[in-house]
Amino acid sequence: ACPNPFMANWENNQIQPAHSVNPNQFIIPILMGEAAQQFAGFQNAMALAVHLNRTLILPPMFRGEADMEVNGRDSDDTLIDSAIRVDIDSIRSYVNTVNLIKGVEICQGQIHVAFLARPVATLGRYQRVHEFEKLSAFRLTEGDLMAVPMQPEVEQISDINRGVVAPIDSDVWNQLYYNPQAVCAAYVLPYMSMEINPAWHQSQTEMSSLIQRELIEHSRIPLYAMAIAQDFLEMHYQGSSGFIGVHWKFDHNDWIKGCDKLDIPIKIQACQVLEKATHKDIAGGILGYMAEKFDTKKHSIVGVKNYGAYIATGDSDLAADQVADITIRVLDEIGGQGFVYTTSYLMKWLEKRYSQCVLTTDYTTEVIAMVEHHILYESKVLLFSSGDPASTRIMNDRKVAGKFSRPGDKNFVDVLTNFIMGQPVMKMNHMTKQELKKRLSELQVNN
């Protein structure tokens with residue numbers, strides 16, 4: 001059967017929100033950035049709706065650039081239904097929520113106040129606000145000027161880039177955005193606006209940790225993506241002992257961006273190594289970490305022959321495919337079964353298995369992102385990309401479920417730099433590393 005995320009029954013009044021808020025005051029976020037950044041901003045808006053005692057209007061979300069390119073879309077086709085990225089009923093179980101059509105009807109298309117997370121001070125930010133107006137039928141600007149009151153005023157925001165930032169449980173939110181006379185408010189360009197301790201999952205009592213945990217529990221990925229991911233996992237890892245998930249961000253320009261501004265020796269050294277890292281180096285890092293975490297007695301490469309890997313890139317990536325090929329060849333040498341897959345493979349599998357489905361053909365990149373989220377969520381160990389919002393969402397879901405653990409899950413860059421140069425210090429069997437480097441040096445590959 002074809003997956004269908006568009007099945008939320010808004011007439012179902014059986015869903016009782018954890019936070020009952022004022023049904024006569026509303027808030028809708030105007031989201032910025034790519035898909036994962038939009039989701040992070042949306043979670044900020046969920047928390048703010050509770051702080052301000054306002055009903056949440058489900059906002060329009062926007063396609064990423066990759067999805068526009070893959071599907072040949074024009075600039076007028078940027079809107080995407082939130083249901084493709086987040087389970088709507090889980091949102092409704094957190095706070096009172098209405099859909100966009102209902103919100104426009106109630107507010108008669110008018111925003112009465114703009115709660116600024118960031119000043120609308122650049123061309124890109126104005127374009128996003130105008131996109132929001134065009135796609136939602138809400139109005140809050142006249143030309144390139146805001147036509148509604150702003151809280152706070154632009155002059156009161158000291159950091160134009162980061163905007164208004166405060167702890168998620170701060171009283172600042174109620175003070176800064178207090179406006180009971182405004183029925184319909186827009187939360188403008190939130191992203192990482194609410195500060196969270198990365199170790200929030202280790203506390204069961206701190207208010208900020210409780211808020212974060214509840215937000216994550218009530219903003220899960222859509223059920224259709226879980227179902228497709230489980231279908232893939234059952235078909236491809238049946239018979240394996242588990243697999244390592246790798247959230248791939250191996251873009252040299254991305255990883256080494258800002259290296260010239262660093263003054264910490266170990267980070268400078270890591271940048272220099274990553275700039276020259278080969279596909280063999282990356283495969284070696286993955287295999288070495290598999291040996292360390294899966295063969296808990298001997299930490300031997302032979303001990304992981306029945307394990308696998310999934311390398312998630314979000315789109316076809318030749319470098320990741322070459323790394324996967326090297327990994328498979330090493331596992332083949334020790335009698336393994338090659339449970340190693342990448343996004344390129346998943347895309348072909350989806351195209352074949354769900355060939356008649358509109359969702360997977362029209363929203364390929366979006367579906368891939370959600371399916372890979374759940375694949376990585378289910379991994380035995382995760383190599384994540386530190387600071388990446390998509391990785392953060394995966395890690396947060398693993399933390400809630402008790403799947404995330406240090407030193408189990410690890411920053412991918414740290415694993416690679418350790419394999420290549422021995423730093424930063426982490427447990428990784430020296431003899432295994434030497435054996436891997438020998439095996440890799442003997443492989444004939446194009447790099």
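Which residue in strand 9 stands opposite Phe115?

A: Phe115 stands opposite Gln151 in strand 9. The model is a predicted one, in which local features need pLDDT of at least 70 and side-chain atom pairs count only at pLDDT 80 or more, while totals for chains, interfaces and linings use all residues. Residues are numbered from 1 along each chain as its sequence is written, and side-chain values use heavy atoms, with hydrogens and water left out.

Phe115 belongs to strand 6, which covers residues 113–116. Strands (E, at least two residues) are DSSP runs, numbered from the N terminus. Strand 9 comprises residues 150–151, and strand 6 pairs with strand 9 in the parallel sense over 2 bridges. Two strands count as paired if DSSP finds at least two bridges between them.

Strand 6 also has a parallel partner in strand 11 (residues 184–188), to which 4 bridges join it.

The side chains of strand 6 may be considered next. In a regular strand the side chains alternate between the two faces of the sheet. Val113 and Phe115 point one way from strand 6, whereas Ala114 and Leu116 point the other way. Val113, Ala114, Phe115 and Leu116 are all buried. Here buried means under 20% relative accessible area, exposed means over 50%, and partly exposed lies in between, calculated with a 1.4 Å probe and protein chains only.
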